[in-house]
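Open the model in your viewer and keep the sequence panel beside it. The tour below goes from one selection to the next.

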Amino acid sequence: YRGVYVASLDEPGKQRLLDTETAAVVASRHLFFVQQGTLFGQGFDMDRLELVGSPVSIAEHVALATGLNLAAVSSSAAGPLAYRTGDAGGQRQFLWFDRSGKRVGTVGDLDVENPYNPQLSPDGQRVALNRTMNGNADIWLLDTGSGVLSRFTFDRVLDAYPIWSPDARRLVFGSNRTGVVDLYEKPVSGVGMEDLLLATPQAKVPLDWSPDGRFLLYRVEPRAASYDLWALPMEGDEKPFPIVQTNFDERDGQFSPDGRWIAYESNQSGRFEIYVQSFPAGGGKWQMSTNGCAQVRWRRDGKELFCIGLDGRLLAVPFQVGSDGQAVEPSSPVALFATRIPGGAIQGAFRQQYAVSPDGQRFLINSLIAGAASPITLVLNWRPRP
């Protein structure tokens, strides 16, 4: 969030900070990046990890997610370049839906400042979320009854990814105050100092707090584009330990209501699916979804999982725990209704964009309600003019 790095996959540790502060992609020996809404292309030396020549303007008014260093630009090694102009996200609002997809309530006002990463408090009275104001991403608290928003963090850096303690008295969040996203804790009352929980060289995103308060689940990115799941003990020696550590992406883990299981998404099959494994000892793992799913959540009684299908529909996955208490027996996923979650099922750097009521009958969804997306422009065989 303080610049764009490029790193070598062949030489671990070899990386370089580029002179740009927005998202960038490398393809066909060129770097494509956005500055102040303009898409540029510039030569790039893949061996030296250095920019070559001068940047060339390609398109203006490219869509950006304000304050998040995300641009609607993509490319491939073969050379095609795609981008979108206009508004990257449109207007959003937190809406309650029942299991049939009927809208049954609204929380807060229409927000054009890209709210994301909503976390419903255990008592259901507040939503902790991220909101960007004047280019600065902070954590805010939204009262589900009155709809009043109050600011929770005030640093002039990224403060993001809030999660509630089981007693709803504290929030843990990620912040890049030292140049890398570390984990911090702060009382919800605002009384008391923010405490640094965990600082490591890798970026970390908090995911969930175990129901008994003993463990904090988070994800790290030790290798390029590959997330792993780790747990931080909140008492005792407080030494982190890995939960799922592979060459694939494991993301957005969630503790079961009894704390015995962890549900998460992984792309080990070639697409993202939902898996459940025991905690803390990984004695077994079961695939819960069948046709692609992400953004997993538990029902409060632990008898059902929810996730967002790759087509944007909210799915319910009923299951049972075997008689020996050591195995999970999932049933076929059931499609409930189509959502309008900005960005769809796979959220990139973000986490789940919805929350579930304790009885599993209502869903508070960060919904796109206005601002139709502009067409995607595809550029083939792009080369700078001589």
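Start by selecting cysteine 293 and cysteine 307: the torsion about their S-S bond is about 90 degrees, so the disulfide is right-handed. Cysteine 293 belongs to strand 29 (residues 293-298) and cysteine 307 to strand 30 (residues 304-309), so the bond ties together parts that are 14 residues apart in sequence. The S to S distance is 2.1 Å; a disulfide here is a pair of cysteine sulfur atoms within 2.5 Å. By that rule the count is one disulfide. Strands (E, at least two residues) are DSSP runs, numbered from the N terminus. Cysteine 293 and cysteine 307 are both buried, where buried means under 20% relative accessible area (1.4 Å probe, protein chains only).

A note on the model before moving on: it is predicted, local features need pLDDT of at least 70, side-chain atom pairs count only at pLDDT 80 or more, and totals for chains, interfaces and linings use all residues. Residues are numbered from 1 along each chain as its sequence is written, and side-chain values use heavy atoms, with hydrogens and water left out.

Next, select serine 289, in the loop between strand 28 (285-287) and strand 29. Is serine 289 buried or exposed? Its relative accessibility is 2%, so serine 289 counts as buried. Beyond its neighbours within four places in sequence, serine 289 is in contact (heavy atoms within 4.5 Å) with Glu273, Ile274 and Pro333.

Then go to strand 18 (residues 170-175). Five of its six residues are buried, so strand 18 is largely enclosed by the rest of the structure.

Show strand 17 (residues 159-164) alongside strand 18: the two pair in the antiparallel sense over four bridges. Two strands pair if DSSP finds at least two bridges between them. Look for alanine 160, which stands opposite glycine 174 in strand 18. These strands form a hairpin with five residues between them, and alanine 168 in the turn has a positive phi of about 65 degrees.

Leucine 171 stands opposite lysine 186 in strand 19. This hairpin has six residues between its strands, and glycine 179 takes a positive phi near 100 degrees.

Note on methods
Buried means under 20% relative accessible area, exposed over 50%, partly exposed in between (1.4 Å probe, protein chains only).
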